[in-house]
Amino acid sequence: LETADGFAQASTLPVPAPEGTSVIGRSLSGTFTSEVGESTDCGTGTLFPASSWVQFTAQEAASWFIEVTSETELHSSVHRGATLADSNTFSCATTNGNGHIVDLSAGETVHIRVASDAGAATFSIRARRAAVRMAPEQLTMFDNDTVGPMAVSTESAEVVVINGQPVVLYSDGPDSDLRIIERQIDGTWDDSLVTDGVSGDWEDIENFVSALVVDGELMVAFTATDPGPPFDGNVVVFGHRVSDGTWTFETIDTDGEEFYSVDLALINGRPAITYNKNSYSELWYAERGDDGDWTAVMVDNDGADDGEIEYVGWQSVLFDIEGSPAIAYLDYAAGAIRWATRSGESWTDSEIYYAGERDLYIAFDGVIDLMGNPFLIVQSEYSSFTVLNLVDEAWVIENPEHRPEVPQPAYAEYAPLQLELTADGRPVFVWYSYGSDNYWYAITEKMPDGTWQTDD
């Protein structure tokens, strides 16, 4: 390829045939220096020393997938604008394999900048029509450094709505804090600490958080470690924020090797939770009595009764069915979804769907539909989805596919998955996954005609 060091000298990435892919390759060297006026790399505040530009013109109005592949860590960004001075970055990605799904109009030209911190790198860049459309959603990064040093990872998060505004509860992994961020009426975000996982009552708030809003007041359940007396081990905690903004906390269970996967619900007007205990081997249920005390019982410790106790109830969803608790949960080792109900003080459980070991599950969520029936969504490690709806005492099964043409696994451990209903009762779920080819967040919705549509 000809030298394409500057924005104005950008090489042209050919337009692929309707079913094809166009690819070009380039080696960055010390002569490919960044220009004055180039944007810093992906919000880092750093301008990488070596960069190269490629331009691409869309043949038709469509969503296009622009992918950069290299054995060296690179940043790539997509820019609109005819000159460098007028260019505007609207997509940015990092790592040695990254991509962009961009909506372009017919004849629209964009510039792709590829930059290396190492100064020398070899990469390929290709363009093809995307299999899905971009969702017209606004993305807002509301916290990337919590307090003090930037957090390496946010372990778990859940979104609820209070007075029409989104509220996010999340655990900050490195700082072991539980934090809350709330959008104000003016559109700004207010980030605050719920409980300190280092110097507070607990250490190491784990990556399992569940939230619930009752009469405008926020409740939360989470797992944590308390190495000091009186517990000297792991704990499950319930928190309640009252009207003046203060938090109270109650310890639910302390007698376990490890706790995982909490889900909080209101059962017959009382807070209750389901959680996994003792290294994924037991599913438990706990509810708060009128006296404020919590009572916990084990629901299942063997799943399919096959002697495989691993990962029983490692993810679960708790429902109120006519005032009594019911739990949908994963029996990961058996490749099954199970359903447990309580009659009086006794629990019974049964298998409601079996996929087998070929398609193990990684994410799970559920809601009550407009008819009062439980509705479940489960994601497999290959990013296929199974939908289950209990109607007239029978489970109705659907398998919405998001992109059957993607051949590679799209595995994401502890993948975030959240299911909600539209105003007219149609299910819509937000999910994340990745594979060897790309990374994506997506929204999948059941349309009024009964078909499923996925937007990235």
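The protein exposes about 21000 Å², and carbon and sulfur atoms supply 48% of that area. Accessible areas come from the Shrake-Rupley method with a 1.4 Å probe; for residues, only the protein chains shown count as cover.

This is a predicted model: local features need pLDDT of at least 70, side-chain atom pairs count only at pLDDT 80 or more, and totals for chains, interfaces and linings use all residues. Residues are numbered from 1 along each chain as its sequence is written, and side-chain values use heavy atoms, with hydrogens and water left out.

Of the 456 residues, 52% count as buried (under 20% relative accessible area; exposed is over 50%, partly exposed in between; 1.4 Å probe, protein chains only). The protein has 33 strands and 0 helices. Both are DSSP runs numbered from the N terminus: strands (E) of at least two residues, helices (H or I) of at least four.

Two strands pair if DSSP finds at least two bridges between them. β1 runs parallel to β3, joined by 2 bridges. Ser 11 has Val 54 of β3 as its bridge partner.

Strands named in this report:

| β3 | 50-57 |

Pro 448 is exposed, at 69% relative accessible area. Its C-alpha atom lies 9.9 Å from that of Gly 425, 23 residues away along the chain.
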